[in-house]
Every structure is written in C-alpha cells, then in structure tokens.
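Subject: A structure for you to look at

Hello,

Here is the structure I promised to pass on. Have a look at it first, and then read on for what turned up.

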Amino acid sequence: MLDLLVLTSANARQASAYAMQLRARRAEGRLDLVRRFGVIPDPRGVRVGSGAATLLALRRIARHLARQRPSSSAATLFHGQRIVILHSGGDSRRLPAYAAQGKAFAPLPLDSDPDGTLFDAILRDLARIPLPEEGRTLIAAGDVLLGVGDALPCLHRSGVTGVAYRDSIERATRHGAYVAASDRSVEDFVHKGSPEELERRGAIWPDGTALIDTGLLSLCPLAVEAWLGAAGVGEGPDFAMGAPLRLALDGRLSIDLYAEMLHSMSDRAHRAAPSHWRHGVEFHAEIADRCDFLHLGSTREFLNELTDVSPARSGSRAQLACPAGIRTVCCSFPGPAPPDVIPPSLLDGCESRGPVRLAGHNLLVGLPASSRLEVDLPREVGLVALPIGSDAWSALLFGTEDDFKSTRAADGTFLNRQLDLWLEGSGLSPVDIWDVSDPTRQTLWNARLWTCGRIDRVLQVCAWMCRGEAPPPEWLKLERRTAPEVYAATNLRRLLSRRRNLRDRIRVQVAVEGALKDRSLGAPEIRRVAVGHTQLSLARARLRRALPSITESLDRARLHGILHALGGGEAAAARALRAVSSVIEREVSLPQSPRRAVVPPGEGFEATAPARIDLAGGWSDTPPICHELGGRVVNASIAIRGSACVVAHARLIRERLIRISSLDLNESMELRDSDALAAHADPSHWAALPLCTLLVSGLAPSGPGADLADWLARVGGGVELTIESRVPKGSGLGTSSILSAAAISALSALTGDSDQPEAIFAKTSLLEQLMRTGGGWQDQVGGIVGGFKLTRSEPGPVQHLAVQPLAIASGAQMELRSRAVLIDTGIQRMARGILRHIVLRYLAREAGVVGLVRKLHANAESMASALIAGDIDHVGQELGEYWALKRELDPGSCPASIEALTSTFAGRAHWALAGAGGGGFLFAIAHDARQADMLRSMPGSVPFELAEDGLRVRPLSQLTNRPGHD
C-alpha cells in the first residue's frame with residue numbers, strides 16, 4: 001500500500017483530466033493501492049523541466065505532510081512514507097490520440113485487467129516494490145511500464161538509488177546509461193549519448209550492453225531533504241521557495257532531472273566540478289533482474305505493442321490481452337472489428353454506425369455512435385475524435401511517424417510526409433496554416449488544420465487530407481484550430497464519461513458472451529460488471545437476442561435462469577423451469593394411444609411402498625443438476641407405526657369413466673370427458689397427482705380434445721384409482737413421489753406392464769414435471785427400493801440410476817436403531833417453492849452453488865462408507881454435515897421455528913430435516929441411546945423402523961381388506 005501518489009502534469013487542464021480519472025478510479029475501487037493521491041501541474045503552464053517538476057512536487061508534499069504533523073525537517077516528514085511521484089506532464093505530441101486525457105491513461109489491456117490503462121499497470125508494478133520501513137519516495141515516468149515489481153533489487157540503500165537494467169547500446173542512446181563501480185556507486189551518468197560517447201565514457205560492457213536508465217529513482221528521507229535544500233527551499237512549515245525554483249517558475253530556468261541533476265551527482269562530474277545537487281548524498285545504481293520497458297511514447301510504439309501477438313513476447317508484453325492469431329485489436333469497441341479493417345490496426349472507443357475502412361497499421365479512437373459517414377484511412381494513418389462543448393466534435397488526423405514537434409525546416413511530417421511535400425500536394429502555402437513570422441512555430445502542433453461541429457461534417461471536411469487532394473474552398477473559409485486549441489476545448493467530462501460508459505457496456509457484453517459460451521458462468525459474473533439499471537437492461541437484452549438460436553434445452557434453461565436472476569421477471573423463471581421439464585419429457589414420452597387392459601372389469605391391483613429418510617446428497621438428484629453434474633444420494637426406506645406409508649389401488653370398471661379418490665384427503669371425483677384432465681397441471685389441485693399417473697400409464701388421453709369414452713373403450717373399461725398417504729402432507733419423507741410411483745405401478749399392472757424399477761423412476765420424474773412440481777429421483781428410489789442404498793447417476797441427458805444396497809452389520813443396525821429419532825415438527829412445508837428457488841439459483845450459477853453440489857456428492861459417498869463400516873458416530877457427523885450443506889445452499893431452509901425446536905439438540909444429536917427444508921419431519925442421530933430416549937420424549941416423536949422391502953404390487957383378489965378398508 002502506498003501512502004501517497006502524485007502525478008505531475010503540464011498545465012491546469014491536464015491536471016483536471018488526471019484528477020477526474022483518479023477520482024473515478026477511487027469511486028470504482030480501482031485505486032485501493034493508494035491511500036491518498038494528488039496532481040501537481042507545472043505552475044502557470046510554464047514548462048519547468050522534469051527536475052524542477054520533481055522539486056516542486058517534493059516541496060508540495062512536504063507542506064502537505066507538515067499540516068498533518070508539524071515539523072521543520074523534510075527528513076522527519078518523509079520518514080515512514082511510501083510515496084510515488086509519476087511524471088506525466090508531457091503534451092503527448094508523439095501520441096496525439098491520447099493527448100486529451102493524457103498518455104499515461106492510454107488503454108493497456110492486460111489479461112489481469114482488460115479495462116486497464118498504462119497508468120493502472122504502472123501503479124500495480126510500483127506498488128509491488130518492497131520499500132524499507134523508514135520510507136522511500138519513488139520517481140518514475142508515466143509513459144513506461146517497467147515490469148520490475150517482481151524482479152527489483154532491494155531499494156534499502158540510503159541516498160539516491162537509480163534503477164537500471166542491461167540492454168542494447170541503441171536503447172541507451174535513446175534514454176540514458178549508468179556507469180557504476182563494483183559497489184554500484186555511480187561513477188558517471190550519460191544522458192542520451194551517442195555510441196561513441198557511451199564508449200568513451202565507459203558505459204558499454206564487454207558483451208556490448210549498457211546499464212540502461214529506467215527512469216525509476218528511489219530517494220530516502222535524508223535525500224529528499226538534501227535535494228530541497230540544494231534547490232534553496234527553506235525549512236518548514238512553509239518550506240519557502242528558493243532562487244532556482246523561482247527562476248523556473250518565471251520561465252527563466254528549466255531543470256532536467258536526468259541530464260542535469262543525476263549527471264551532476266555522478267562521481268566524475270562531482271570531481272570535475274562539485275555539484276550542489278549531490279550535497280553529501282550517496283548515489284547508487286541497482287540492476288533489475290528483468291525490465292519489460294514497455295514504452296508507449298509514440299503512435300508507432302503504441303500500435304506495435306498492442307497489436308503484436310508474437311509468441312516470443314515475455315513479461316508484461318506476454319500479458320497483453322490481444323487474442324492470439326488476431327492482429328486487429330478492439331479496445332472498448334462493441335463487437336468484432338469491421339470487415340474492411342486490415343490488421344494490424346487498433347480501434348478504441350469507437351461506436352460508428354457508418355462503414356469503417358482501414359488499410360492497415362491504423363489507430364482509430366473515439367468515433368461516436370452519431371457518426372454515419374464512411375471513415376477510410378490509408379495505411380499508417382490514425383484519427384481521433386474529440387468531444388467539444390455539449391454536443392460538437394473535432395477530429396485530428398496523424399501519421400504513425402508524425403511527432404507534432406519537428407518544424408517544417410527540420411523535416412517535420414504530416415500523415416508521414418514531409419510538411420513541405422504535403423503542402424505542395426495539397427496546393428496550400430505555409431501562410432494558409434501558420435503564422436509565418438516565427439519559423440520555430442511551423443510545426444504540425446501549431447498548424448491550423450482542424451474544424452469543429454457535427455461529427456460527420458468534421459469528418460467530411462478533413463477527408464481530403466488523407467487523399468492528398470486540394471482542400472475544398474469551404475475549408476479555407478472555416479474557423480480552424482491548432483491541436484493544442486482543440487485539446488484545450490475538449491470537454492473532458494464528456495470524453496471520460498463516454499469512455500467509461502462504453503467500457504462498462506463492453507464489459508457487460510463480454511460477460512454475457514462469456515456466459516453464452518461457458519456453461520460454468522452465469523449471473524454473478526454478469527452482475528459483477530452490470531452495476532446499474534442501464535447495464536442490467538443491456539445484459540438482459542443481449543440474452544434475449546441470443547435465446548432464439550439456442551436449441552439445447554439445458555442451455556435454454558440456464559440462460560432463462562440467468563435472465564431471471566438479472567431481473568428478467570417471473571416469465572423468465574417459468575421458461576427456465578419449462579426448459580428443464582422438457583429434458584425429462586424427452587426421457588419418457590406420454591403414450592399416444594390407449595393401453596389395453598389385461599384384466600376383466602372388477603379386478604385390479606394394490607401397490608404399497610414405504611417412505612424414505614434422506615441421509616446425504618439430496619439436491620444432487622434434482623434436474624438439471626443431476627443432468628449436468630450427476631447425482632449421489634443416500635437414503636433409507638422406513639415404515640411408520642408398522643405399516644406401509646403409501647397405498648394405491650387400481651381397478652378396471654365397466655363404466656366408461658374415470659373415478660379417483662384420495663382417502664387421506666377425503667376427496668373424490670368422476671371424469672366423463674377429457675376436459676377435467678387439465679387439472680393435472682395445477683399442483684394445488686388435490687387430483688393433480690392421480691390424474692398425472694393416469695396420463696403416464698396410458699389409461700387417459702394426454703392430447704387435447706380427445707374423446708375420453710372412446711379412449712376407455714379401447715382400454716377395455718373405465719378406471720378406478722384410490723390413493724392414500726398415511727404420512728402427513730408436507731412431511732419431507734418423499735411420500736408424494738413415492739405415492740406417484742405406487743399409483744403408476746398399480747395402473748401399469750392393469751395393462752400387464754411389470755415395469756422395472758428404472759422405468760418407474762423415469763415415469764415418476766416425468767409425472768412431477770407434468771404437475772409442475774419438479775423434483776428429483778431420490779424420493780421414488782427411496783420408496784421403490786427398500787433398505788439403505790447409495791444411488792448414483794452420471795451427467796447426461798438420460799439419467800441411468802445405479803442403486804447400490806448398503807449392507808450394514810446387524811450390530812450396527814441395532815445401535816443405529818437405538819440412537820435414531822424421528823420427530824414431526826408440526827410445520828408443514830411445500831417442497832415446490834424451495835425446489836424452484838434452488839433450481840433457479842443453480843441455473844443462474846449463483847456463487848458457490850456448483851461447489852456445494854460437489855460437496856453433497858462427497859457427503860453421500862462418505863455417508864455410504866460410514867454405514868458400511870458400521871461407524872454410527874461418523875454417520876451422525878455426516879448427517880450434520882449434510883444439513884449444514886443444505887442450509888448453505890438455501891439459508892431459508894431452517895426458519896426460526898425450527899431453530900427454536902432444535903435448540904435442545906446441541907450436544908445431544910446430529911440432525912437434519914428429512915426433506916428440502918422449511919419444516920416436515922426431522923431425523924436425528926443422538927450421541928448415545930440415553931440422549932435418544934430424551935429426544936423421543938419430545939412432542940411429535942414418531943415410532944418408525946427400517947423397511948427392508950420397497951414397492952410391492954399385488955392383485956386385489958389376494959387381499960383380505962378391500963380398498964378403503966383396513
């Protein structure tokens with residue numbers, strides 16, 4: 001963490017741009033590496049040089065620190081402070097596309113920060129440098145990413161330490177080179193010397209390399225005090241300005257940090273003429289093991305760095321977020337590159353609705369959505385559009401080699417042609433664009449070339465420049481501005497706001513595209529970037545546009561689930577659940593023709609089954625979770641009060657009608673036409689379950705408008721179905737699904753079908769989808785197959801269930817029986833609402849849901865191992881773990897009433913609600929038999945026993961008691 005970050009700027013306008021961007025980063029949480037920040041412009045807009053800018057910054061920081069803890073000593077004030085001064089005060093003449101916001105804030109998309117800028121990368125790099133507790137002030141350049149944060153030598157030396165790295169002589173001629181002794185003391189500092197000068201002054205090593213100046217300096221607190229003293233700055237608290245800085249402020253003195261101050265501090269310069277900049281301060285050079293030196297100083301360098309996808313790139317270059325094999329990079333550009341763009345080119349912040357043609361090596365920046373005019377740039381030409389005022393625009397053209405600095409006499413260029421040649425080709429004279437009285441100002445920077453107005457008009461009146469044609473007569477009559485006048489008139493708030501909005505839109509678009517392609521991604525990733533109403537609307541719109549092309553049901557379900565989680569409404573939730581249902585419906589289709597009965601009227605069958613206790617792994621059996629991740633569930637079949645928990649009787653009758661009854665609900669109805677079958681899709685209707693069993697069994701027509709009497713005639717008679725659940729509704733013991741399985745089995749027996757368990761599992765799952773209740777396969781497995789079992793399924797569109805009976809030693813069974821307790825909480829719960837909530841959370845890939853399902857798998861396998869081993873203590877622990885996982889998956893599954901009821905369980909038992917949660921029966925494994933007896937004395941305790949037998953189907957003729965009788 002840095003205590004203070006200071007950016008230097010060329011003038012007040014640039015300082016304002018920097019401050020706006022820093023404040024925006026603070027608001028977005030992107031400036032957490034810095035406690036405080038500030039921007040210091042060159043006073044009065046006068047260029048004072050990098051040395052004077054450094055000294056002015058140090059003086060301003062000293063005065064700021066003195067207000068917090070008064071002291072007259074700069075060394076005392078800077079002690080313990082970790083400070084970075086980032087020199088960013090240039091006009092950015094060689095990178096004009098980003099002169100308005102500042103070259104330091106040019107985009108630099110890295111894998112770790114696709115929305116980042118050069119500034120963000122530099123700050124992260126410098127913040128990684130370890131600094132001593134006594135504090136250091138780092139001085140760095142704002143247009144170079146060094147990448148030394150992980151490879152930097154220790155900066156614990158006192159005095160001034162310059163950071164260097166070994167590189168070519170050519171690099172040394174463009175920057176600077178250290179000549180260091182064996183103890184790293186600096187003997188000489190050569191600033192941008194020729195190869196001959198570097199050789200003469202001993203800067204070249206035997207291998208032909210030199211110690212390149214990175215521009216990074218480290219000052220200890222005493223060195224800061226010495227430099228301020230050498231500049232004539234008095235001691236605090238005001239730190240009065242001395243003569244050198246006053247001369248700089250008056251424009252009479254420019255102090256260069258590297259060419260003057262550092263050179264003067266070297267041993268050779270000091271011996272030749274003692275320097276007041278040294279002032280007894282040690283000067284050393286430390287060598288970094290690695291330095292990326294990613295320099296974005298010019299348009300050419302910017303394009304080369306951001307569009308180079310060479311596999312040989314290393315360091316920060318290897319992290320540039322440029323798609324491999326694609327040499328057209330679109331930073332902040334909505335959608336793929338336009339088709340008429342020849343790589344390598346770069347588009348940034350562009351939304352133009354007009355055609356874009358780029359001939360290669362182009363940089364196009366800031367083109368707004370209001371632009372509909374064709375933009376056609378020749379090879380190695382760039383264009384930047386800048387907002388002026390509230391709704392106007394200006395546009396600047398530039399060549400990749402233009403520096404905006406060189407004069408006409410010094411072969412300055414425009415669009416990569418010498419200015420004189422460009423003037424000649426355009427039929428213009430110097431007087432048309434310059435004040436010819438001052439040849440030193442005849443640069444591209446001072447050329448009056450640029451207009452202001454509607455974006456298409458601006459583009460239209462400058463298009464001739466690229467074609468090498470004469471300007472239209474109207475251009476000569478227009479009010480034209482120089483580049484600095486355009487930048488001064490740029491509406492910075494509008495520029496930065498537009499870039500932020502576009503960036504946010506792109507982030508949302510990228511997140512949505514990621515979710516469309518990667519099934520592991522969902523609402524959290526989109527919600528992380530879609531932080532406002534507008535962005536959420538954009539995300540929802542993109543999802544809706546994508547859905548018609550999605551054919552896979554599970555993919556459609558997931559996208560509808562994401563849409564619902566992002567505020568897409570109940571319609572999205574309904575479509576998500578319907579898409580899940582369609583997966584089950586494909587596994588087992590409803591019969592399209594009647595099934596012929598094999599028994600005469602008056603005969604029929606009874607099906608009985610136990611309930612089940614859910615011990616581990618529940619929810620992993622629920623579609624679509626089991627289809628995508630597979631399922632693992634352990635449960636046990638139980639009988640309550642010594643009898644079967646569900647009973648279904650099916651009988652063929654002579655009347656051509658359907659008669660259904662529910663003994664426990666005391667309801668009955670007769671159906672004489674197919675219209676009444678519509679109640680099957682209403683889960684709140686008492687007859688939904690028996691009606692669905694008739695459809696699944698083929699004894700009632702599923703198609704609309706079918707003639708029920710004709711259908712039953714082909715069956716061979718009417719059908720009478722009586723069902724009974726002997727366990728309270730909402731128990732959580734799986735009785736609804738098990739009763740469905742029993743009824744299906746009894747009805748199937750009428751037509752001679754003796755379905756294998758897997759077929760009944762699948763038909764019951766289909767029935768629950770028809771009822772719109774959802775549900776997994778563990779309930780019917782728990783009742784159809786008796787005893788303890790572990791049921792597994794693997795991911796896939798069709799669920800094949802492998803049921804493994806768990807053989808438990810008799811001694812362990814006896815111990816478990818003595819410690820197991822079943823309690824009716826008296827709180828009715830409906831699994832449908834809980835199930836809907838969990839499934840929608842899973843579809844939306846809400847945080848942690850998939851991981852919790854994986855833990856449920858492991859929980860089921862551990863529970864099975866504990867049962868087989870007869871380790872009842874371990875069984876209890878896994879039961880407690882199971883309930884903890886269910887609560888984490890759905891915090892609402894344990895309401896306050898359950899918390900109050902189980903408050904006495906602490907230290908006595910492990911427990912879990914028997915179903916999805918919210919109420920119903922509670923199953924507990926006490927720590928010992930004595931604790932179990934205490935729990936059995938609680939109200940609601942229910943006697944139960946393990947049911948070794950599962951589903952049984954018998955002819956009614958074999959029964960002593962007929963339907964409706966005990």
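In what order do the three strands of the open sheet stand, and is their pairing parallel or antiparallel? Please keep in mind as you look that this is a predicted model. The order is β31-β33-β32, and the strands pair in an antiparallel way. β31 (820–824) and β32 (909–913) are the edge strands with a single partner each, so one side of each has no neighbour in the sheet. From one strand to the next, the twist averages 20°.

A handy place to start is V821, whose bridge partner in β33 is A924.

Helix α28 (residues 810–819) lies across β31 and β33, at about 35° to β31. Helix α33 (residues 929–936) lies across β31, β32 and β33, and runs at about 15° to β31.

There is also a helix pair to look at. The axes of helix α1 (residues 12–28) and helix α17 (residues 492–517) come within 10 Å of each other and cross at roughly 35°. The crossing of α1 past α17 is right-handed. On the α1 side, R13, S16, A17, M20, Q21, A24 and E28 make the contact, and α17 brings L492, R493, L496, R500 and R503. Sorted by class, the contact of these helices holds five nonpolar, two polar and five charged residues.

Enjoy exploring, and write back with any questions.

Best wishes

Note on methods:
Residues are numbered from 1 along each chain as its sequence is written. This is a predicted model: local features need pLDDT of at least 70, side-chain atom pairs count only at pLDDT 80 or more; totals for chains, interfaces and linings use all residues. Side-chain values use heavy atoms; hydrogens and water are left out. Axes are lines fitted to C-alpha atoms, for helices over the stretch in contact, and angles run from 0 to 180 degrees between N-to-C directions. Helices (H or I, at least four residues) and strands (E, at least two) are DSSP runs, numbered from the N terminus. A crossing is left-handed if the near helix is turned anticlockwise from the far one by less than a right angle, and right-handed if clockwise. Contact means heavy atoms within 4.5 Å. Ala, Val, Leu, Ile, Met, Phe, Trp, Tyr, Cys and Pro count as nonpolar, Asp, Glu, Lys and Arg as charged, and the others, Gly among them, as polar. Two strands pair if DSSP finds at least two bridges between them.
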